[in-house]
Amino acid sequence: MANANVRVRFCPSPTGNPHVGLVRTALFNWAFARHHGGTFVFRIEDTDAARDSEESYEQLLDSLRWLGFTWDEGPEVGGPHAPYRQSQRMDIYADVAQRLRDGGYAYDCYCTTEELDARRAAARAAGKPSGYDGHCRNLTAVQLEAYQGEHRPSIVRFRMPDEPITFTDLVRGELTFTPENVPDFGILRANGAPLYTLVNPVDDALMQITHVLRGEDLLSSTPRQIALYKALMELGIATGVPEFGHLPYVMGEGNKKLSKRDPESSLNLYRERGFLPEGLLNYLSLLGWSFSKDQDIFSIEEMVAKFDIPDVNANPARFDIKKAESINADHIRLLDPKAFADACTPWLQAPHANWEPADFDPEAWAAIAPYAQTRVTVLSDITANVDFLFRKEPVEDQASWDKAMKGEPAALLTTARANLETADWSDPESLKQAVLTAGEAHGLKLGKAQAPVRVAVTGRTVGLPLFESLQILGKERSLSRIDAALAKLAA
């Protein structure tokens, strides 16, 4: 049932290139908001000055636009809870942190790193949980004065309740965390800089987020955030605790969690290879969710109509590049022919094109495009499939040459050339018959007979339908290339 009160957020950090796991999270949030007629908030978590960059920020915006996501509040759009970049909200976090300290929900912690490490090691040795032990939780006035007299730096820690925290995860069901496994945690660094543990739930509270849909790796932080939400409610800052849904891990090679360091995780890789946004999103939506038992190709509009978080599977999802390519190929077939031709444009120009711009023939491209659309997997495939039309000579691919020019290729090519000379070049079937007859004269079936012809004319053993390609290239250029191959064989 639609719920216009739904408010979700996508809040990446601008560090490096966007990865497909991040895109999957954005997709599920966006589709959930659109399905319910709710609000999709795009927020930038850029409080880590050492790792964040303006270049990555611009890449994030560009990536979301390329994917076709629109946001209702956020950068470039604005909204009632602006600003939407955390680096511009520091005063807000400082104020909230002070109110938490004044209200007794947070306290100053003077423990040094060395002291913390020693106590954690002792706890592990004793078989106990090794989280923060509450050493500074209830300092006396004398202890406090002593630490301050030493000019010890202090962080600010949130005081966790001494009771279990239970919540119902929209994907995983009811979960309970006990106090010994969720110790007090830092919300401000010693220099006053706010930590993720503070800024994320504070922004969610102030932006009235109703559903937090994020990766499973953040599940352990949820009980801490729920406790913080409740404190913010008591302070009159928050109006409620959002519902949580933790999305399954995306697994890569070796059954390991796909990470930013894995080459196949980079969104830019798929853009550069010529994936269609709708093809990539179709595939990513299947990482933890399914459209139906008998259909895995669908439009983004169809996904939005059916998508809901309770339908997401909690089990890890495996990223399969072959499946992603197959789904993308299906979406290429579904394009309107003109839309396909237009989508290929970047790969018919520099730096991808391996021919001179002046040699590009729009009429030849228009003629070959329908054959290419039924065969390419990604748009970047188009360059190697059609370059024979626009180069003065075909590419020199030695591996293709060696594979095709076995046995008696010169005899076969000589016969095929003679047959093609008298064939009807307005009819690809006539060209096929010419090569078929040449093959029969030399004891070869069509597949073996056409291989030397294909390599002579296109330079490659694999490509678009040969006889349609010959027709579009034209009689004069095709026969000239066969002559050149015969000359090369003779030499």
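## The largest pocket

What volume does the largest pocket have? The answer is about 1,000 Å³. The lining holds 42 residues, and those closest to the pocket's centre are S13, H19, L22, D217 and L218. On a 1 Å grid over the protein atoms alone, a pocket is an open set of points with protein on both sides within 12 Å along at least five of seven lines, and a lining residue has an atom within 4 Å of a point. A volume is the space filled by probe spheres set on the points.

Before going on, a word on the model: it is predicted, with local features needing pLDDT of at least 70 and side-chain atom pairs counting only at pLDDT 80 or more, while totals for chains, interfaces and linings use all residues. Residues are numbered from 1 along each chain as its sequence is written, and side-chain values use heavy atoms, leaving out hydrogens and water.

## What lines the largest pocket

Helix 1 (20–36) is among the elements that supply at least two residues each, and so is strand 8 (211–215). Helix 1 provides the largest share, 4 residues. Here helices (H or I, at least four residues) and strands (E, at least two) are DSSP runs, numbered from the N terminus.

Sorted by class, the lining has 17 nonpolar, 13 polar and 12 charged residues. Ala, Val, Leu, Ile, Met, Phe, Trp, Tyr, Cys and Pro count as nonpolar, Asp, Glu, Lys and Arg as charged, and the others, Gly among them, as polar.

## The second largest pocket

Now look at the second largest pocket, with about 320 Å³ of space. Of its 16 lining residues, K403, A404, K448, A451 and P452 lie nearest the centre. Helix 18 gives the most to this lining, with 6 residues. By class, the lining has 6 nonpolar, 5 polar and 5 charged residues.

## Aromatic rings

You can find 19 aromatic pairs in the structure (Phe, Tyr or Trp rings, Trp by its six-membered ring, with centres within 6.5 Å; planes under 30 degrees apart are stacked, over 60 edge-to-face, the rest tilted). Y270 and F275 have ring centres 5.1 Å apart and planes at 85°, so this pair is edge-to-face. Both Y270 and F275 are buried (under 20% relative accessible area, with a 1.4 Å probe and protein chains only).

For F291 and F298, the centres are 4.6 Å apart and the planes at 15°, so the pair is stacked. F291 and F298 also belong to one aromatic cluster with F28, W289 and F307.

Note on methods:
On a 1 Å grid over the protein atoms alone, a cavity is a set of points where a 1.4 Å probe fits but cannot get out, and a pocket is an open set with protein on both sides within 12 Å along at least five of seven lines; lining residues have an atom within 4 Å of a point. Buried means under 20% relative accessible area, exposed over 50%, partly exposed in between (1.4 Å probe, protein chains only).
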